Amino acid sequence: MTTLPWMFTPADLQRQWDEFSRKLAAMPKAMEAAKNVRVGVTPSETVYRRDTLKLHRYLSDHPKLYDTPLLCVFALVNRPYILDLKPKKSVVAHFNDGGFDTYKIDWGVPSHAQRFLNMKDYIEGYLDDIVDHVRRRTGTDQINVLGYCMGGSMSAIYTALHPDKVKNLILMAAPVDWTSNEHLLARWTQPDVFDVDRLIDVCGNCPAEMLQGSFMLLKPISTMVEKYFTFYDNMENEKFLEDFFAMETWLNDNIPVAGEMFREFVKYCMQQNRLIKGELTVGDRTVDLGEIKCPVLNLTAEHDHLVPCGQSLPLEGVVGSSDYTSISFPAGHIGLAVGSKANRELWPKACEWLAERSDRLS
Amino acid sequence: MAAFPGVGNEADPIMKFWSDVMASMGGSAPRGPSADDVMRQMRQAFFEAWGRQCEDFLKSEAFLEMMKTSMDHALTFREKTSEFLSKALNETQMPSREDTDSILVAVRTLQEEVLHRLEDLSKRVTVLEQRVGRAAGASKKGGK
């Protein structure tokens, strides 16, 4: 009898049944893996606290080789442990083991009382205080800054306002130009569709559930359907389960964003595109990206559905630095930080880039 | 033509979806040692086409309008609930969120005012220090 490629033979059906039985037997293991998720693996100590904010310093057995410390600035919409998710999937571990004194900001969860915190409070208040704290603590005049996503935009704004305090700037999938409205998030945040004023006036802070829902809807099939099929296919693989649940933990760990900060970021940056035009003001100061004179490494993800390369690459045209490097890596927005390939190929390169531009300890 | 311009061409997205699936399948003809592999490839093609279709829909005017309306309704509901609760709390002489908000705003305004004055004072002290330094330098030179 002729069989077409997609026709199941009795042997195929038997195999399917066997596979299903094996998956069923693997269920307790999967449940165990879900219960024992460990994220944020590199040992660290909290060296500074203010309101909900914490500054972590990473500990290392490796000797410190460089004088200039590195500060990692993450976005306000998620938890920052994505930068240190698992062993061998950790951006901070690359720098920490590479001899840099590495710090990371955990912005914490803003309470309802903190909804009045605006861009000035975050950048000229919290971020500037932290930079000063790290400078004092390490006895250096300048520090290296690494900003991811919205944290990258904030880092670029900070560097433009305080160029004397930043020695090198690394940006990861950091949006600076919102001219194009072709991708989904840009379409959804257009002023005629999204009334950010009303949302913040009514809710106070931007709700975490709304952010999480929006991020999931950006790729609905892969996040709500395909992912679970992939899980079923791989549920006997312990390594896969570990990675899967670590990622799931982070993806479902959204936090609210302080209302005024969210309003200003959406309105002035995403809707009015003031940053790249040099029209954004923080407090009474105008942000001129041309003031960024330090070396800049701009890392973008080719398959980024959240911050497409087109939102990050225009930085080159406005930045005042003569030492500008850009790397577009074949990964997605999260893959840039936790992807195996990025950890194998991209981050050692970024570490090398920073090492070449940092002072060695005498 | 956009797949989801509005109402009246409901058949278009379905046609587009299936032609996408078929195109994906045709692009890489089903192959593999077993029917499982073929099924996986078909599943992949199906998800890819479905994903593209969803993205088209999520970008469409129809979806944007729907999103705007549903958000509007949700916020109105929340607004009305808050209003009702505030009234109820006020009637029972209990502090409402509005009350704490007004205190917060007052504290914040005060804080900004104090910080502003401190910044101003700090600038003036710096200027004074520079002047004193210059004057001390000049008197030392004069003394010599």
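Author: Two residues are in contact if their C-beta atoms, placed from the backbone, lie within 7 Å. The model is predicted: local features need pLDDT of at least 70, side-chain atom pairs need 80 or more, and totals for chains, interfaces and linings use all residues. Residues are numbered from 1 along each chain as written, chains are lettered from A and ligands numbered from 1 in the order written.

Reader: In chain B, what share of the contacts with a separation of 6 or more joins residues 24 or more positions apart?

Author: Count the chain B contacts with a separation of 6 or more. Then pick out those between residues 24 or more positions apart. Their share is 51%.

Reader: Which helix gives the most to the side of chain A that touches chain B?

Author: The contact takes 22 residues from chain A and 23 from chain B. On the chain A side, H5 (184-188), H6 (196-203) and H8 (220-234) each supply at least two residues. With 6 residues, the top contributor is H8(A).

Reader: How many residues on that side of chain A are nonpolar?

Author: Sort the residues by class (nonpolar: Ala, Val, Leu, Ile, Met, Phe, Trp, Tyr, Cys, Pro; charged: Asp, Glu, Lys, Arg; polar: the others, Gly among them). The side of chain A that touches chain B has 4 charged and 1 polar. Its nonpolar residues number 17.

Reader: Which residues of H6(A) meet H10(A)?

Author: On the H10(A) side, the partners are A:Gly259, A:Phe262, A:Arg263, A:Val266 and A:Lys267. By class, this contact has 4 nonpolar, 1 polar and 3 charged residues. From H6(A) come A:Val196, A:Asp197 and A:Ile200.

Reader: How do H1(A) and H9(A) lie to each other?

Author: H1 (residues 10-35) and H9 (residues 238-251) of chain A have axes 9 Å apart. They pack at an angle of about 45°. H1(A) and H9(A) are therefore oblique.

Reader: Which residues of H9(A) meet H1(A)?

Author: H1(A) brings A:Ala30, A:Ala33 and A:Ala34. The contact of H1(A) with H9(A) has 5 nonpolar, no polar and 1 charged residues. From H9(A) come A:Leu241, A:Glu242 and A:Phe245.

Terms used: Axes fitted to C-alpha atoms, helices over the stretch in contact; angles between N-to-C directions. Helix = DSSP H or I, 4+ residues; strand = E, 2+ residues; numbered from the N terminus. Parallel < 35°, antiparallel > 145°, perpendicular 65-115°, else oblique.
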